[in-house]
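Here are my notes for your first look. Keep the sequence and the 3D view side by side as you read.

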Amino acid sequence: MSIISWIILGLLAGAIAKVLLPGRDPGGIIGTTLIGIVGAFIGGWLSSRYLDRPISNDFYDTATWVAAVGGSLVLLIAYRLLFGNSRERR
């Protein structure tokens, strides 16, 4: 897949992660979108590196989507744990 495909996949993975973890995020929609893009890259890399699953050139590969959404979920949870209460303290 090209870099543009990974960005689109990340945008969609971030949206799916947001639907699976509703609530207020400290970064809003832009932060969630960026987390989705980074999560797609990290999930794909971890999947290919440690699970011995090569990255497919097909955009509609189920394993690639699961890795991207999983990476986005992990990053979104970590982001909420680190920065989630910053608005409440002010």
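1. Start with S72. This is a predicted model, and in it S72 has 1% relative accessibility. Buried means under 20%, so S72 counts as buried.

2. Now place S72. Helix α3, residues 62–83, holds S72. Leave out residues up to four places away in sequence, and S72 touches A13, G14, A17, I35, G36, G39 and A40. Find these in the 3D view.

3. Next, look at α1. Which residues of α1 are buried? They are S5, W6, L9, G10, A13, G14 and A17. The cover over these buried residues includes α2 and α3. Note that A13, G14 and A17 are also among the residues that S72 touches.

4. Check the length of α1. Helix α1 has 18 residues. At 1.5 Å a residue, α1 should span 26 Å.

5. Then take the packing of α1 and α2. Two packed helices are described by the angle between their axes and the distance between the axes. Here α1 covers residues 3–20 and α2 covers residues 28–50. The angle is about 115°, and the axes are 7 Å apart. The crossing of α1 past α2 is right-handed.

6. Finally, see who meets whom. From α1 come I3, W6, I7, G10, L11, G14 and K18. From α2 come T32, T33, G36, I37, A40, F41 and G44. Sorted by type, the residues of this contact are seven nonpolar, six polar and one charged.

Methods: Residues numbered from 1 in each chain as written. Predicted model: local features only at pLDDT ≥ 70, side-chain atom pairs only at ≥ 80, totals over all residues. Heavy atoms only, no water. Axes fitted to C-alpha atoms, helices over the stretch in contact; angles between N-to-C directions. Helix = DSSP H or I, 4+ residues; strand = E, 2+ residues; numbered from the N terminus. Left-handed = near helix turned anticlockwise from the far one by under 90°. Contact = heavy atoms within 4.5 Å. Nonpolar A, V, L, I, M, F, W, Y, C, P; charged D, E, K, R; others polar. Buried < 20%, exposed > 50% of the residue type's maximum accessible area, 1.4 Å probe, protein only. Expected span 1.5 Å × (residues − 1).
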